[in-house]
Structures are given as structure tokens and as C-alpha cells.
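Take a walk through this structure with the sequence beside you.

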Amino acid sequence: MPFIDLESNLPASKFPEDFLKKLGSKTAAVLGKPEERMIVVVKPGLPMLMCGTCAPCVILSVSAIGVTDTAEKNKEHSANILPFLIGELGLTEDRIVIRFYALEPHQVGKKGTVMSYL
């Protein structure tokens with residue numbers, strides 16, 4: 001159950017419903033997870049400063065169980081996600097940062113329990 005959180009100072013109009021679906025589909029494919037298990041949240045219009053400027057930017061956080069736990073995996077994930085974000089949002093690579101978080105099954109609750117028991 002990967003969590004994809006995108007924060008940006010871009011306006012909400014840059015993130016129509018089909019963008020959320022495309023982002024979920026792309027990250028599911030990159031992470032090797034089922035698309036129907038993806039949780040995607042987009043937070044547009046935030047006041048943001050990145051590298052000394054308030055120019056348009058994105059921070060993408062990717063949290064998942066078992067697939068974001070090594071530098072090698074995350075390097076590959078980053079290389080596959082970055083071109084998608086550049087293409088969809090029209091930003092340059094220096095205005096996009098991707099953070100990876102390795103989750104353990106006991107850290108994700110669902111159906112009144114945690115993933116360790118599901």
C-alpha cells in the first residue's frame with residue numbers, strides 16, 4: 001500500500017483528476033505494486049521555497065513497504081519517476097525533489113489492524 005504525496009506551489013489547475021490517476025499508475029508500475037493499492041495525495045498552491053527561490057517546484061514523497069529500502073532501488077525509482085513529472089508539469093529537474101521512505105508492515109494500519117496481520 002504505497003503512499004504518494006505531492007506538494008507543490010503550482011496551482012490546483014495543474015493537477016486535474018487524470019493527473020492523479022496517471023501519477024498513481026506511473027508510480028505503481030515503477031514500484032511494482034498493484035495500481036488499486038496506491039494512495040495518491042496532491043497538495044497544490046502551497047507557499048514553498050526551494051533552493052532560494054519560490055519558482056514553481058514539487059516535492060514528491062514515496063512511502064512503501066519493501067521497495068524503498070535501499071539506495072539502489074531508490075536511484076532507479078527516481079530515474080523512472082522524474083521524467084514523468086517533468087513531462088506532466090513542465091518543470092526542470094532542479095525544481096523537483098523526490099523523498100523515499102521505507103515503511104515496515106507494522107507502520108501501516110488498515111481494517112482495524114496493521115499490514116503485518118493482513
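**From the fold to single residues**

The chain holds two helices and six strands. The model shown is predicted. Along the principal axes, the C-alpha atoms fill a box of roughly 45 × 30 × 25 Å.

How much of the chain is buried? Of its 118 residues, 37% count as buried. The accessible surface comes to about 6,600 Å². Carbon and sulfur atoms account for 55% of that surface.

Contacts tell how the chain folds back on itself. Take the contacts between residues at least 6 apart in sequence: 72% of them join residues at least 24 apart.

Now look at the aromatic rings. A pair of aromatic rings is described by the distance of the centres and the angle of the planes. For a pair to count, the centres must lie within 6.5 Å. By this rule there are two aromatic pairs. In one, the rings of Phe15 and Phe19 have centres 5.2 Å apart and planes at 70°, so this pair is edge-to-face. The cut-off for that label is an angle over 60 degrees. The other pair joins Phe19 and Phe84. Their centres are 6.1 Å apart and their planes stand at 25°, so this pair is stacked. Here the angle has to be under 30 degrees.

Where do Phe19 and Phe84 sit in the chain? Phe19 belongs to helix α1 (residues 17-31), and Phe84 to helix α2 (residues 71-89). They are 65 residues apart, and their pair links distant parts of the chain. Together, Phe15, Phe19 and Phe84 form one aromatic cluster. Is Phe15 buried or exposed? Phe15 has a relative accessible area of 8%, so it is buried. Phe19 is buried as well, at 2%. Phe84 is also buried.

Phe15 leads on to a serine. Ser8 lies in strand β1 (residues 3-8). Its relative accessibility is 0%, so Ser8 counts as buried. Which residues does Ser8 touch, not counting those up to four places away in sequence? The list is Phe15, Lys43, Pro44, Gly45, Leu46, Met48, Cys57 and Val58.

Follow the chain on to Ser13, in the loop between β1 and α1. Ser13 has 64% relative accessibility, so it counts as exposed. Pro44, a contact of Ser8, gives a distance to check. Ser13 and Pro44 are 31 residues apart in sequence, yet their C-alpha atoms are 8.7 Å apart in space.

End with Ser116, in the segment after β6 (113-114). Ser116 is at 41% relative accessibility, so it counts as partly exposed. Leaving aside neighbours within four places in sequence, Ser116 is in contact with Pro105 and His106. How far is Ser116 from Lys14, C-alpha to C-alpha? The separation is 37 Å, for two residues 102 apart along the chain.

Note on methods. Residues numbered from 1 in each chain as written. Predicted model: local features only at pLDDT ≥ 70, side-chain atom pairs only at ≥ 80, totals over all residues. Heavy atoms only, no water. Phe/Tyr/Trp six-rings, centres within 6.5 Å; stacked < 30°, edge-to-face > 60°. Buried < 20%, exposed > 50% of the residue type's maximum accessible area, 1.4 Å probe, protein only. Helix = DSSP H or I, 4+ residues; strand = E, 2+ residues; numbered from the N terminus. Contact = heavy atoms within 4.5 Å. Areas by Shrake-Rupley, 256 points an atom, 1.4 Å probe, with all protein chains shown as cover.
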